[in-house]
Amino acid sequence: MRPRIAIIGAGSASHGRRLLNDLFTFPWMDRATLSLMAPHLHHLTGVRKYAVRIVQRYSLRTSIEAHTDLAPAIRGADIVFLLFDAGGFSAFDQDFTITKASGIDLCIGDTMGPTGMMKAVRNVSVLKEVAAEIRKSAPDCLVISYVNPMAVMTMAARQLGIRRFVGICGGVEATRHTIATCLGESVDSITTRFAGINHMAWALEIQKDNEDLYPRLRQRMATPKWTAAEPTRAEVLQHFGYFVTETSGHLSDFFPWFRRDQTVLKRYGSGTGYTGASGAYHRFAGYVHRRLQDVDPFAYEDGELDARSEEYGSFIANAWITGEDYEFYGNLSNHNGLIANLPTDAAVEVPTHIKGNAIEGQHMDRLPTQLAALCTTNILVQQMCVEAVLRQAPQLLLSAISMDPLTAATIDLTDTRRLTEELIAANHSWLPRVEHGFRFRDVSIDSSAPPSRANTSGQDVLEPVKRFDRSKRKIDVEARANTPNHD
């Protein structure tokens, strides 16, 4: 058999080269067909040439295809990798600029908030096309997605009829390294167990030789060194009792407490980069875009393979192709209750097992109630966002942005309507069923008018007291009438 591997968004600057390198380290790639797809020839040509250089350098028999259309790229695939970012930096830059002008400060902006919701509008729109092709010509394939916002993509994939879909992220592994470094241990010497949602998975257990390391972690994370390096995560650990994935800057986008005004930003966002700096990802992505947009990022790569990275993607592919067992942290639909106290239509991040042609998430215990509550504030926004994109419903998109925790803490509903209108206008090509120049209806609230005493509730809230007074007067009158006159 010749495994057929499709990579959609093969020109990805963040994952493309590393994924190709990792895949080519497995022997079965010698007989595989690699189908590379990107919408623009500029990026597609470079990545195809790079793959051909690897094949030639190692005298492999791998067949390399390149496509600018989805249908021939996906047809007959055993595995489909998703690496695309619809609209690229230009679209994100536009959303970020509009959002920043509204007063909302973001560090990353790829998961939640107005920028995360609009990224979902674009990427779920592409996912709809991918899903249609998979249903038609590769219904049994495994889809491995690197695309953000990952939870939204995972929820949408189920609704779009993709039977086997898993989202992968390096957050858990990176957090394991952070924990080990903080504790002064090697990462291989500690055992951990995580569960939650993408970019908000919680370390439920941290042990070494059956010793609970959480007391030591809490003590270390309270020191000046670590409160400076991880201000948000240190605060969340202290307040809610558990350590969470992602950098402090990334995490600060998800809650109402860390970025809503300059006072809290001085405390939690005064560091550099992903520690919490304003616009950290926007600056980083902008730099990469400026340096690489007009060049072939693979031009100076000679095709020599690096050592295989620790990223999950190639290991998942290997397990799927060879039938070997593999365990990792995956993002899956919660429809069968993998985490019992999170919504069943949520996407959850849990230990995941591949065996043969089955991919299964581990059923976890209920999350501690406070952690389930924190996750649910994001899940409900993500659910609304999925529905808004699939239904092309601007009112639902407005609801999703309005209920985003940081947005709600920063601006009022009137300003949120104006912000959402601007974002819809900027992304109108991705919302073709929404009327061009769409506006939400406003209710004019005149705060200068004298206070009204009108009762608009439809009921007299003082009625119980009035009834009591009427009854008491009646009894008092009757009592006086029945009292003998002694004059």
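Trainee: Which residues do ring pairs link into a cluster?

Mentor: In this predicted model, ring pairs link Phe26, Trp28, Tyr312, Phe315, Tyr326 and Phe328 into a cluster. Across the structure there are 18 aromatic pairs.

Trainee: Why is the pair of phenylalanine 26 and phenylalanine 315 called edge-to-face?

Mentor: The ring centres of phenylalanine 26 and phenylalanine 315 lie 6.1 Å apart and the planes stand at 85°. Rings pair when their centres lie within 6.5 Å, and planes over 60 degrees apart count as edge-to-face. The pair is therefore edge-to-face.

Trainee: Where in the chain do phenylalanine 26 and phenylalanine 315 lie?

Mentor: Phenylalanine 26 is in the loop between helix H1 (16-23) and strand E2 (33-37), and phenylalanine 315 is in helix H14 (residues 312-322). The pair links distant parts of the chain, 289 residues apart.

Trainee: What makes the pair of phenylalanine 315 and tyrosine 326 stacked?

Mentor: The centres of the rings of phenylalanine 315 and tyrosine 326 are 5.5 Å apart, with the planes at 20°. Planes under 30 degrees apart count as stacked, so this pair is stacked. Phenylalanine 315 lies in helix H14 and tyrosine 326 in strand E11 (residues 326-333), so the pair ties together parts that are 11 residues apart in sequence. Tyrosine 326 is buried, with a relative accessible area of 16%.

Trainee: What lies over the face of phenylalanine 26?

Mentor: Arginine 308 lies there, at 3.8 Å from the ring centre.

Trainee: How do you know that arginine 4 and glutamate 65 meet in a salt bridge?

Mentor: Nitrogen and oxygen of the two side chains, arginine 4 and glutamate 65, are 2.8 Å apart. A salt bridge requires such atoms within 4 Å, so the pair qualifies. Arginine 4 belongs to strand E1 (residues 4-8) and glutamate 65 to strand E3 (residues 63-67), and the pair links parts of the chain 61 residues apart. Arginine 4 is buried at 12% relative accessible area, whereas glutamate 65 is partly exposed at 23%.

Trainee: Why is the contact of glutamate 205 with arginine 193 also called a salt bridge?

Mentor: The closest N and O atoms of glutamate 205 and arginine 193 are 3.3 Å apart. This value is within 4 Å, so the contact is a salt bridge. Glutamate 205 is in strand E8 (residues 200-208) and arginine 193 in strand E7 (residues 191-197), 12 residues apart. Glutamate 205 is partly exposed, with a relative accessible area of 32%.

Trainee: What makes arginine 417 and aspartate 442 a salt bridge?

Mentor: The distance between N and O of arginine 417 and aspartate 442 is 2.5 Å, and the cut-off is 4 Å. The pair therefore counts as a salt bridge. Arginine 417 lies in helix H18 (residues 413-426), and aspartate 442 lies in the loop between H18 and helix H19 (463-481). Salt bridges that share partners join Arg417, Arg418, Glu421, Arg439 and Asp442 into one network. A search of the whole structure finds 27 salt bridges.

Trainee: Why is arginine 417 called buried?

Mentor: Arginine 417 has 17% relative accessibility. Buried means under 20%, so arginine 417 counts as buried. Aspartate 442, at 38%, counts as partly exposed.

Trainee: Which residues have the most contacts inside the largest nonpolar core?

Mentor: They are Ile7, Phe81, Leu82 and Leu217, in a core of 155 residues. Helix H15 (residues 369-391) gives the most to this core, with 12 residues. Beyond its neighbours within four places in sequence, leucine 217 is in contact with residues including Ile179, Cys182 and Leu183.

Definitions and conventions. Residues are numbered from 1 along each chain as its sequence is written. This is a predicted model: local features need pLDDT of at least 70, side-chain atom pairs count only at pLDDT 80 or more; totals for chains, interfaces and linings use all residues. Side-chain values use heavy atoms; hydrogens and water are left out. Helices (H or I, at least four residues) and strands (E, at least two) are DSSP runs, numbered from the N terminus. Buried means under 20% relative accessible area, exposed over 50%, partly exposed in between (1.4 Å probe, protein chains only). A nonpolar core is a set of buried Ala, Val, Leu, Ile, Met, Phe, Trp, Tyr and Cys residues joined through side-chain atoms within 4.5 Å. Contact means heavy atoms within 4.5 Å. Rings of Phe, Tyr and Trp (its six-membered ring) pair if their centres lie within 6.5 Å; planes under 30 degrees apart count as stacked, over 60 as edge-to-face and the rest as tilted. A charge sits over a ring if NZ of Lys or CZ of Arg is within 6 Å of the ring centre and within 35 degrees of the ring normal.
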